[in-house]
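Have the sequence and the 3D view ready.

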Amino acid sequence: MSLQNKIENKLSEALKSKDKTTYSTLRLVVAAIKDVIIAKKIKDKNNLSDADLINLLKKMVKQRNDSCDAYKKAGREELLKAEKEEIQVISGFLPKQLGEAETKKICEETIKSTGAKSLKEMGKVIGELKKSSHAESLDFSKVSFIIKGIFRSSSSFSARS
């Protein structure tokens with residue numbers, strides 16, 4: 001069963017169980033899927049690839065995280081709570097994200113394999129990470145901080161910078 005079908009099935013379940021948060025969030029997801037299908041001119045309406053769908057879901061989570069930051073600064077607790085609930089619903093369809101230690105290990109291996117010697121070559125490292133088999137399970141919002149930390153803390157890298 002494709003990820004798109006899973007989302008649509010969960011939407012039906014949420015409607016039947018009267019789970020308003022899940023239902024409203026998944027309605028937004030389905031609308032975003034339809035927007036992508038229209039934008040990419042996909043003829044088969046039920047055939048958005050799982051990779052495209054995962055990218056869409058990650059984008060939606062990022063948007064909600066940005067909103068959470070704004071609501072936190074503004075002291076809007078009720079809106080913050082609603083955004084966090086939406087993040088939980090959407091994240092349920094994403095692949096499990098690797099922890100910080102695992103991400104750091106993968107970043108270190110990629111730095112060594114690419115031969116990157118300074119922070120100036122961070123783009124090359126991130127490019128390789130995006131091509132790797134771990135791309136779906138890496139949180140790229142944290143990857144750049146981890147790579148910067150590796151270059152700054154590692155004497156073998158910082159001596160060459």
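Is Thr 22 buried or exposed? Thr 22 is buried, with a relative accessible area of 9%; buried means under 20% and exposed over 50%, with partly exposed in between (1.4 Å probe, protein chains only).

A quick word on the source: this is a predicted model, where local features need pLDDT of at least 70, side-chain atom pairs count only at pLDDT 80 or more, and totals for chains, interfaces and linings use all residues. Residues are numbered from 1 along each chain as its sequence is written, and side-chain values use heavy atoms, leaving out hydrogens and water.

Thr 22 belongs to helix α2 (helices are DSSP runs of H or I, at least four residues, numbered from the N terminus).

| Residue | In contact with |
|---|---|
| Thr 22 | Lys 10, Ala 14 and Val 89 |
| Val 29 | Ile 7, Leu 57, Met 60 and Ile 90 |

Now for the whole helix. Among the buried residues of α2 are Thr 22, Leu 26, Val 29 and Ile 33. Seen down the axis of α2, the buried residues fall within an arc of 160 degrees, so they line one face of the helix; the arc is taken from the directions from the helix axis to the C-beta atoms. These buried residues pack against α1, α3 and α4. On the other side of α2, Lys 20, Lys 34, Asp 35, Ile 38 and Ala 39 are exposed.

How values were computed: Contact means heavy atoms within 4.5 Å. Helices (H or I, at least four residues) and strands (E, at least two) are DSSP runs, numbered from the N terminus. Lists of a residue's contacts leave out its neighbours within four places in sequence.
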